[in-house]
Amino acid sequence: MVGQPMGMVDFSLSDSIAVVTGASRGLGKAIAQGMAEAGAHLVCVGRALDELEATAEAVRSLGRRALVVQADITRVSEIDRLVEATLKEFGRVDVLVNNAGINISQNALEVTEEAWDAVMGINLKATFFCSQRFGRVMVEQKKGKIVNMSSQMALVGLYNRSAYCSSKGGVSQLTKVLAVEWASHGVNVNAVGPTFIETDMTLKALQDKAFYEDVLRRIPLGKVGQPRDVVGAVVYLASPASDFVTGHTLLVDGGWVAW
Ligand SMILES: NC(=O)c1ccc[n+]([C@@H]2O[C@H](COP(=O)([O-])OP(=O)(O)OC[C@H]3O[C@@H](n4cnc5c(N)ncnc54)[C@H](O)[C@@H]3O)[C@@H](O)[C@H]2O)c1
């Protein structure tokens, strides 16, 4: 018989161990909660301890386990400490969501070395070394899913974002390389590419009326997103439903890039 018998498509993360970086607020917090709703236990990573504890409490209120690790993941030694803490608590890792990131808006003529290094340090370097360190565990396990937080800005340019767009282009390209290298080890690597989502990162820019209207004009669905709008894509790429998907950047952009 050609093909396999049909069963229910499995979007569940039941008893998966999922690490989410930048879980203290914004997209990371919504993703941690959404993954817990789908059945995962969480490792909540970031810099702001009180906010991370609040995310962990939300996870625990759903009946899942949550470990908080406060770390600056631009430092590889901190990533190693994170991996160690994760394995000590849970003994394995099933999903890594490389969500932590920053933007520093500057005209390309004005970008400083410090700003360039800061954006690359968290958006691209931390994404790579978290993937490498957890990837070593996943390759050994012969099982794992990595979901990188890219952006529509991996695919389009926008003024005052030369470092940010370059970093996210790098994230989507890195996603493909790791997908190819680790496919034979049972590790899927994908990315999500949101448009403008209302979080602390975008608050100031979206308060500028002219900028806000320019953004809306570019989004066919006619609104900016909320953190919750991104959760379904991440849960899908972390779940068995996406087992035959790797190296892909799934846009959640209200149609920006389609236009
Ligand atoms: N908000 C948007 O419009 C949007 C659109 C596309 C992609 N993204 C991406 O989504 C991700 C989350 O963005 P957000 O809007 O929730 O931003 P946010 O500023 O609300 O949250 C960023 C998170 O990253 C963490 N973080 C930053 N530097 C860190 C470091 N050195 N070590 C550990 N944690 C660190 C912060 O503590 C925070 O939890 C980012 O990668 C961002 O580029 C956001």
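## A tour of the ligand site

Start by selecting the ligand and the residues around it: 28 residues surround the ligand, and the closest are Ser24, Arg25, Tyr164, Ile197 and Thr199. Keep in mind that this is a predicted model.

Colour that shell by residue class. The shell around the ligand has 12 nonpolar residues, 12 polar residues and 4 charged residues.

Next, show the side chain of Tyr164. One of its polar atoms lies 2.6 Å from an oxygen atom of the ligand. Then select Thr199, where an N or O atom in the side chain is 2.5 Å from an oxygen atom of the ligand. For Thr195, display the backbone instead: a polar backbone atom of Thr195 is 3.5 Å from an oxygen atom of the ligand.

On its own, the ligand has 830 Å² of accessible area, and the protein covers 96% of that. If you display pockets, go to the largest pocket, which is where the ligand sits.

Hide the surface and turn to the cartoon. Which helices each supply at least two residues of the shell around the ligand? Select 26–37 for helix 1, 162–182 for helix 5 and 200–207 for helix 6; each of these supplies at least two shell residues. Tyr164, one of the closest residues to the ligand, falls within the range of helix 5.

Finally, zoom out to the whole chain, which has 8 helices and 7 strands. Along the principal axes, its C-alpha atoms fill a box of roughly 50 × 50 × 35 Å. The radius of gyration of the chain is 18 Å, which agrees with a compact globule, because a globule of 259 residues would have a value near 18 Å.

Methods:
Residues are numbered from 1 along each chain as its sequence is written. This is a predicted model: local features need pLDDT of at least 70, side-chain atom pairs count only at pLDDT 80 or more; totals for chains, interfaces and linings use all residues. Side-chain values use heavy atoms; hydrogens and water are left out. A residue is near a molecule or strand if one of its heavy atoms lies within 4 Å of it. A polar contact is a pair of N or O atoms within 3.5 Å; within protein, one must be able to donate a hydrogen and the other to accept it, and residues adjacent in sequence count only if both atoms are side-chain atoms. Accessible areas come from the Shrake-Rupley method with a 1.4 Å probe; for residues, only the protein chains shown count as cover. On a 1 Å grid over the protein atoms alone, a cavity is a set of points where a 1.4 Å probe fits but cannot get out, and a pocket is an open set with protein on both sides within 12 Å along at least five of seven lines; lining residues have an atom within 4 Å of a point. A molecule sits in a cavity or pocket if more than half of its atoms lie within 2 Å of its grid points. Helices (H or I, at least four residues) and strands (E, at least two) are DSSP runs, numbered from the N terminus. Ala, Val, Leu, Ile, Met, Phe, Trp, Tyr, Cys and Pro count as nonpolar, Asp, Glu, Lys and Arg as charged, and the others, Gly among them, as polar. The radius of gyration is taken over C-alpha atoms; the globule rule is 2.2 Å times the number of residues to the power 0.38.
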